[in-house]
Amino acid sequence: MPVDPPARLAGETSPHGAGGQQRSAQRPPPRGSGTSAVEVRRSARRSRTVSAYREGDRTIVLIPARMSEAEERRWVGVMLDKLAAQESKRVLGDAELTERAERLSAQYFDGRARPASVRWVTNQNTRWGSCTPAEGSIRLSHRLQGMPEYVVDYVLLHELAHLLVPGHGPRFWRLLEAYPRTERARGYLEGVVAAGRLPHLPADRGE
């Protein structure tokens with residue numbers, strides 16, 4: 001079993017595959033992933049696990065040599081999400097959250113959305129974020145902490161857009177079209193909500 005590269009590994013998984021020589025290939029990152037480059041490295045020594053780590057501005061994904069192209073694409077997406085989730089576990093402070101919002105506004109809204117304050121709150125259990133345009137204040141639910149960065153960025157952009165457009169009409173959603181991971185982030189959050197509504201299964205009594 002090979003030793004994984006140090007630091008910043010996403011969790012390992014166990015797909016099938018063995019054999020072949022070690023090789024690597026540069027892949028364009030998944031659309032809207034926010035990753036500048038992805039390098040896939042195949043190895044005969046890696047027969048049961050997939051892992052990933054950051055190396056400068058690249059993401060390295062390690063996979064079994066005999067994995068198919070379709071499996072490779074799927075696992076690259078999975079591992080990028082796992083890395084993003086791991087990295088977002090470092091909770092940003094309110095000052096850092098404000099700086100992040102300002103960068104997102106500059107990148108996607110030409111700096112037109114100018115929040116006066118952005119902070120985490122613990123009293124929002126039915127929504128992910130809220131905004132008071134008259135005050136320029138944005139509040140994010142603490143439940144977002146630990147979610148992938150692209151999800152947190154989407155919620156920040158959603159609330160920043162409310163500084164420009166109060167409601168959820170066509171103009172509002174056109175603003176969010178500038179963010180390439182809007183649909184994926186919305187799907188992630190919808191999945192979290194749906195999972196929370198699932199009934200708890202009874203304990204297995206061995207019957």
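In which element of the chain is confidence lowest, and in which is it highest? This is a predicted model, in which local features need pLDDT of at least 70 and side-chain atom pairs count only at pLDDT 80 or more, while totals for chains, interfaces and linings use all residues. Residues are numbered from 1 along each chain as its sequence is written, and side-chain values use heavy atoms, with hydrogens and water left out.

Confidence is lowest in strand β1 (residues 23-27), with a mean of 56, and highest in β7, at 95. The score behind those values, pLDDT, is the predictor's confidence in each residue, on a scale from 0 to 100. Over residues 1-12 the pLDDT is below 50, yet this stretch has 36 contacts in the model beyond near neighbours in sequence. A contact here means heavy atoms within 4.5 Å. Residues 31-35 also stay under 50, and for them the model has 8 contacts beyond four places in sequence. Where pLDDT is low, the predicted coordinates should not be read in detail. For the chain, the average pLDDT is 79, and 74% of the residues score at least 70.

Starting at the N terminus, the elements go β-β-β-β-α-α-β-β-β-α-α-α. Of the 207 residues in the chain, 43% are buried, where buried means under 20% relative accessible area, exposed means over 50%, and partly exposed is in between (1.4 Å probe, protein chains only). Among contacts with a separation of 6 or more, 53% come from residues 24 or more positions apart.

Three strands make an open sheet in the order β5-β7-β6, with mixed pairing. Its edge strands are β5 (117-121) and β6 (129-132), each of which pairs on one side only. From one strand to the next, the twist averages 20°. Strands count as paired if DSSP finds at least two bridges between them. Strands β5 and β7 (residues 137-141) run parallel and are joined by 5 bridges; for Trp-120, the bridge partner in β7 is Leu-140.

Helix α2 (residues 94-108) lies across β5 and β7, at about 130° to β5. Helix α3 (residues 149-164) lies across β5, β6 and β7, and runs at about 150° to β7. For these angles, axes are lines fitted to C-alpha atoms, for helices over the stretch in contact, and the values run from 0 to 180 degrees between N-to-C directions. Thr-98 has its place in helix α2 and touches Ser-117 and Val-118, leaving out residues up to four places away in sequence. Thr-98 counts as buried because its relative accessibility is 18%. In the loop between α2 and β5 there is Asp-110, which has a positive phi of about 55° although it is not a glycine. With a relative accessible area of 67%, Asp-110 is exposed.

Helix α3 also holds Ala-161, which is buried, at 0% relative accessible area. Setting aside neighbours within four places in sequence, Ala-161 is in contact with Phe-109, Phe-172, Leu-175 and Leu-176. Ala-161 and Phe-172 are 11 residues apart in sequence, and their C-alpha atoms are 6.6 Å apart in space.

What about the rings? The whole structure has 3 aromatic pairs. Rings of Phe, Tyr and Trp (its six-membered ring) pair if their centres lie within 6.5 Å; planes under 30 degrees apart count as stacked, over 60 as edge-to-face and the rest as tilted. One of the pairs is Tyr-108 with Tyr-179, edge-to-face at 5.4 Å centre to centre and 90° between the planes. This pair links distant parts of the chain, 71 residues apart: Tyr-108 is in helix α2, while Tyr-179 is in the loop between α4 (170-176) and α5 (182-196). Tyr-179 is buried, at 7% relative accessible area. Phe-172 and Trp-173 are also edge-to-face, at 5.0 Å between centres and 85° between planes. Phe-172 is buried at 0% relative accessibility, whereas Trp-173 is partly exposed at 29%.

Charges sit over rings too, which takes NZ of Lys or CZ of Arg within 6 Å of the ring centre and within 35 degrees of the ring normal. The charged end of Arg-143 is over the ring of Trp-128, 4.1 Å from its centre, and Arg-181 lies over the face of Tyr-150, 3.7 Å from the ring centre.

Note on methods:
Helices (H or I, at least four residues) and strands (E, at least two) are DSSP runs, numbered from the N terminus.
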